Every structure is written in structure tokens, then in C-alpha cells.
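Here is a walk through one protein model. Keep the sequence beside you as you read.

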Amino acid sequence: MCHQCNYVRGLKASGLGYTPNRLKVLQAVGRSDAPASAREIFAALRRTSRINRVTVYRILDLLVASGLVERLSGGGRTFFYGLAPSEHHPRHAHFYCKICGRLVCLSPECLPLEGVALRGKLPGKFEGLQIRVDGVCRDCLAAEEGAAAPAAGGAR
């Protein structure tokens with residue numbers, strides 16, 4: 001969990017207002033090491049709460065609309081959720097593994113986004129930027145290499 005964020009203050013400042021369920025969902029998003037799917041957020045909350053799935057989805061939509069949470073495309077029809085860029089969370093790119101479907105945060109220094117000069121060059125109002133780098137993660141690469149290696153004691 002981000003120890004720099006005051007989630008209650010953030011909810012109140014966003015205009016949404018505080019409710020226990022909104023706080024739980026926002027904390028679950030902030031607690032995750034990487035952007036999480038709604039299904040993963042719901043599963044994490046079900047371990048300690050009686051919140052239902054529809055409520056989680058609705059609250060995620062509210063948190064995205066209020067600017068507290070960012071909805072990220074994970075390929076296909078899957079979305080992931082992470083804390084929106086703020087003073088404690090700089091804007092950054094993400095790496096999406098096309099095999100296992102994981103979305104991982106990249107270091108802001110890896111692909112600097114703050115210096116991207118798009119303002120004034122677009123045919124409309126600039127409101128945000130998301131960059132997703134697609135590829136195959138180390139774990140999936142290792143699994144592929146392991147599967148391709150000949151079995152010990154195989155044919156000669």
C-alpha cells in the first residue's frame with residue numbers, strides 16, 4: 001500500500017465523498033504491486049469483506065471518473081486498474097506480456113513520459129497519455145526455453 005497517500009482525503013477532495021466500500025476498493029488498488037484486474041481486486045476484497053462484485057465494478061468506474069484511479073487496457077477486453085498519476089505516483093509506461101496477460105509498471109525513467117511534447121500538436125484537447133509496451137515477460141520466456149530444451153537422456 002502506498003504509505004504516502006491519504007485515501008480518505010483523496011476521496012473527499014475528488015468530490016466522491018467517503019464511504020467504507022469506496023475506501024476499501026481504493027486501498028486494494030493502492031495495495032497492489034502492479035495494475036490489477038477488477039476480478040483480482042474483487043478476489044482480494046472478498047477475503048476480508050462482504051462486498052459484492054457489482055459494487056466493486058461500480059466503485060472502480062467512479063474512481064476512474066473522479067481521476068483517482070487509472071483504467072489501463074490489457075489487451076482484448078481486459079482492463080487493469082492502478083492509482084492515477086499524482087504527486088506520489090509519477091506517470092509511467094507499462095509492459096504487457098502477450099502470453100500470460102500480466103501488466104507490469106515500468107520505471108518512470110525507463111520511458112520518460114512527462115517530456116512528451118504533444119500539447120498543441122493534437123487535433124483536440126490533451127487529457128492524458130497511456131503507453132503500453134507489448135512483449136513476452138521473463139517468466140514466459142524461461143518457460144518457452146525450458147519447453148524447447150531437449151529432455152535429459154533423450155534419443156542419441
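**Helices that pack, charges over rings**

Helix α3 (residues 38-46) packs against helix α4 (residues 53-66) at an angle of about 125 degrees, and their axes lie 10 Å apart. Helices here are DSSP runs of H or I with at least four residues, numbered from the N terminus. Axes are lines fitted to C-alpha atoms over the stretch in contact, and angles run from 0 to 180 degrees between N-to-C directions.

This is a predicted model: local features need pLDDT of at least 70, side-chain atom pairs count only at pLDDT 80 or more, and totals for chains, interfaces and linings use all residues. Residues are numbered from 1 along each chain as its sequence is written, and side-chain values use heavy atoms, leaving out hydrogens and water.

α3 and α4 are therefore oblique to each other (under 35 degrees is roughly parallel, over 145 roughly antiparallel, 65 to 115 roughly perpendicular, the rest oblique). Which residues make the contact? From α3 come A38, R39, I41, F42 and L45; from α4 come R53, V56, Y57 and L60. Contact means heavy atoms within 4.5 Å.

Now take a second pair. Helix α1 (residues 7-14) and helix α2 (residues 20-31) have axes that come within 10 Å and cross at roughly 120 degrees. Here Y7, V8 and L11 of α1 meet R22, L23, L26, Q27 and G30 of α2.

Next, the rings. The charged end of R132 sits over the ring of Y96, 4.8 Å from its centre. R71 lies over the face of F79, at 5.9 Å from the ring centre. Such a charge has NZ of Lys or CZ of Arg within 6 Å of the ring centre and within 35 degrees of the ring normal.

What about aromatic pairs: how many does the structure hold? It holds zero. Rings of Phe, Tyr and Trp (its six-membered ring) pair if their centres lie within 6.5 Å; planes under 30 degrees apart count as stacked, over 60 as edge-to-face and the rest as tilted.

Methods
Helix = DSSP H or I, 4+ residues; strand = E, 2+ residues; numbered from the N terminus.
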